[in-house]
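Please look over the sequence and the structure below, and then follow the sections in order.

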Amino acid sequence: MDKIQQSENHIEFSRDLGVTARALVLIGGLFPLLVPYELLIKPSWPEGFSLLWLFAVIISAGAIGVSIFFLLAALFGMSQSIRFDIVSQSIFYSYKTALKYFHERSYPFNKVERLQVVTHEWEDGPPSYNIGLKIKGVREIEFGSFILHNDAEHYLSILRRMTAMPVDAHGLDRTA
């Protein structure tokens, strides 16, 4: 869930993937590498092809794939912050990864095309909700990570008031 800071002049949603979290993901990504060691390197396999050897290779390849996924998540997992500022009438979007430097972009409120609640349905649990922000010429940015739809709607209404987004009687953007 995003950390939300609010004052009378701004509201900021931030999600930080800190050094500790990155280190834990990185260390967790190293454990599956024990599988190829235990199945392929440690035992002395007889010369020639066998189905058991093929099975060990397939399992080892899967474990290496899982390790690569965790290592990439630790290195490229994104920390992001989005701040809506009434005084400057701007949105400040910043992000960084472990390997990329801090980037910040600003967009005026009048470039906002759409603000909406985005629902993510999950097979094994209740849905989660984000706020989707579409700015002209920029991919949609999702932030918020709410468990309750009412919480997402609450912050969406605050953001619409801040940015003066027109809304019709059904709660839909008229600008979209």
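## Helix H2 against helix H3

In this predicted model, Val-35, Pro-36, Leu-39 and Leu-40 of H2 are in contact with Trp-53, Ala-56, Val-57, Ile-59, Ser-60, Ala-63 and Ile-64 of H3.

## Ser-60 within H3

Ser-60, which lies in helix H3, has a relative accessible area of 2% and is therefore buried, given that the cut-off for buried is under 20%. When its neighbours within four places in sequence are left aside, Ser-60 is in contact with Val-35, Pro-36, Leu-39 and Leu-40.

## Helix H1 against helix H3

H3 also packs with helix H1, residues 19-30, where the two axes come within 8 Å and cross at roughly 165°. H1 and H3 are therefore roughly antiparallel to each other, and H1 passes H3 in a left-handed crossing.

On the H1 side the contact is made by Arg-22, Val-25, Leu-26, Gly-29 and Leu-30, while H3 contributes Ser-67, Phe-70, Leu-71, Ala-73, Ala-74 and Leu-75. The residues of this contact of H1 with H3 divide into 8 nonpolar, 2 polar and 1 charged.

## The largest nonpolar core

The largest nonpolar core has 25 residues, and those that touch the most other members are Phe-13, Ile-82, Phe-84, Ile-131, Leu-133, Phe-143 and Leu-159. At least two residues of this core are supplied by each of strands S2 (10-15), S3 (79-85), S4 (90-96), S6 (112-122), S7 (125-135) and S8 (141-146), as well as by helix H4 (149-163). H4 provides the largest share of the core, with 6 residues.

Not counting residues up to four places away in sequence, the residues that Phe-13 touches include Ile-4, Ile-82, Ile-131, Phe-143, Phe-146, Tyr-155 and Leu-159, and also Asp-2 and Lys-3. In soluble globular proteins, nonpolar side chains tend to be buried together.

## An exposed loop residue

Lys-100 is found in the loop between S4 and strand S5 (103-108), and with a relative accessible area of 51% Lys-100 is exposed. From C-alpha to C-alpha, Lys-100 and Met-78 are 9.4 Å apart in space, although they are 22 residues apart in sequence.

Technical notes. Residues are numbered from 1 along each chain as its sequence is written. This is a predicted model: local features need pLDDT of at least 70, side-chain atom pairs count only at pLDDT 80 or more; totals for chains, interfaces and linings use all residues. Side-chain values use heavy atoms; hydrogens and water are left out. Contact means heavy atoms within 4.5 Å. Helices (H or I, at least four residues) and strands (E, at least two) are DSSP runs, numbered from the N terminus. A nonpolar core is a set of buried Ala, Val, Leu, Ile, Met, Phe, Trp, Tyr and Cys residues joined through side-chain atoms within 4.5 Å. Buried means under 20% relative accessible area, exposed over 50%, partly exposed in between (1.4 Å probe, protein chains only). Axes are lines fitted to C-alpha atoms, for helices over the stretch in contact, and angles run from 0 to 180 degrees between N-to-C directions. Angles under 35 degrees count as roughly parallel, over 145 as roughly antiparallel, 65 to 115 as roughly perpendicular and the rest as oblique. A crossing is left-handed if the near helix is turned anticlockwise from the far one by less than a right angle, and right-handed if clockwise. Ala, Val, Leu, Ile, Met, Phe, Trp, Tyr, Cys and Pro count as nonpolar, Asp, Glu, Lys and Arg as charged, and the others, Gly among them, as polar.
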